[in-house]
Structure formats: C-alpha cells, structure tokens
Amino acid sequence: MKKLRQFLKFDTDAFFKGKDVRLIGDEIWSEYKDGKVTKTLGTKYKCIIAFDNTKYEGDDVGSDLNSGEAIVIKIPKERVDYKKFSKIKLINATASVYGQFQSELSVQAEDIQIEVPKTP
C-alpha cells in the first residue's frame with residue numbers, strides 16, 4: 001500500500017511534555033530549487049534535549065531515553081537573540097516522523113518562547 005504516512009499523526013504535545021529542550025544554534029531556513037535559494041522561510045533553531053522525564057511504554061526502557069538527542073525546530077520568523085543553552089517552549093508545534101527506520105523527527109512551530117535564565 002502507498003501513502004500510509006499521511007494518516008499517521010504524531011502527538012507533538014505529548015512527546016515534548018517532560019522534556020527540557022535547549023537552544024544551541026540557528027541558521028536561516030530557506031527554500032531551494034535546482035540547488036539555489038528561492039526564498040527565505042524563517043529560522044531553523046538547533047536544539048538539544050537536555051533532560052527527558054517522559055514515561056515511555058515498556059519495562060526495558062530506561063529513564064532519560066532521548067536526553068542528548070539533537071533536534072531542529074523550524075520557525076517561520078526571523079531569528080531572535082538568545083543566550084546559548086536557553087530553555088525553550090514550542091508554540092503550536094507540529095511534527096512528523098520520517099526516515100528508513102522511522103527514527104527521525106521533523107518539527108515546525110509557529111514560534112518559540114525563550115526562558116530568560118535567572119541571574120544568581
């Protein structure tokens with residue numbers, strides 16, 4: 001059968017609940033055609049899952065399963081200033097699983113909320 005993936009819905013809110021996602025970098029998110037940039041779509045924020053407190057199914061799954069995993073979040077807005085390793089919250093995010101082993105995640109959100117670190 002074909003086109004089965006269009007019927008799979010990823011629960012983005014449940015996946016990110018219990019996760020501490022931190023910003024580590026960014027780059028321009030562009031649309032390409034024939035290897036050339038045709039337009040700028042927004043910003044791709046490079047992030048890392050610092051802590052994963054999500055409860056996963058199965059007795060063989062340890063805590064902190066996805067800690068340390070890199071994730072890219074695409075936002076259709078211009079880059080904002082931030083401090084490296086700032087904690088973020090996604091605003092109206094959607095995601096889809098892809099890849100040969102269905103182990104990759106493509107994430108887009110309307111925006112991100114950056115938590116300003118508290119000064120000591």
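The accessible surface of the protein comes to about 9,300 Å², and carbon and sulfur atoms hold 51% of this area. Areas follow the Shrake-Rupley method with a 1.4 Å probe. The model is predicted: local features need pLDDT of at least 70, side-chain atom pairs count only at pLDDT 80 or more, and totals for chains, interfaces and linings use all residues. Residues are numbered from 1 along each chain as its sequence is written, and side-chain values use heavy atoms, with hydrogens and water left out.

The protein has 120 residues, and 25% of them count as buried (under 20% relative accessible area, 1.4 Å probe, protein chains only). The C-alpha atoms fill a box of roughly 60 × 50 × 20 Å along the principal axes. Among contacts (heavy atoms within 4.5 Å) with a separation of 6 or more, 61% link residues 24 or more positions apart.

One helix and five strands make up the secondary structure elements. Helices (H or I, at least four residues) and strands (E, at least two) are DSSP runs, numbered from the N terminus. Their order along the sequence is α-β-β-β-β-β.

Two strands pair if DSSP finds at least two bridges between them. Strand β4 (residues 87-98) runs antiparallel to β5, and 10 bridges join them. In this pair, lysine 89 stands opposite glutamine 113 of β5. β4 and β5 form a hairpin with five residues between them. Glycine 99, in the turn, has a positive phi of about 100°. Strand β5 (residues 104-114) also pairs with strand β3 (residues 70-75), in the parallel sense, over two bridges. Here isoleucine 73 stands opposite valine 107 of β5.

Definitions and conventions
Buried means under 20% relative accessible area, exposed over 50%, partly exposed in between (1.4 Å probe, protein chains only).
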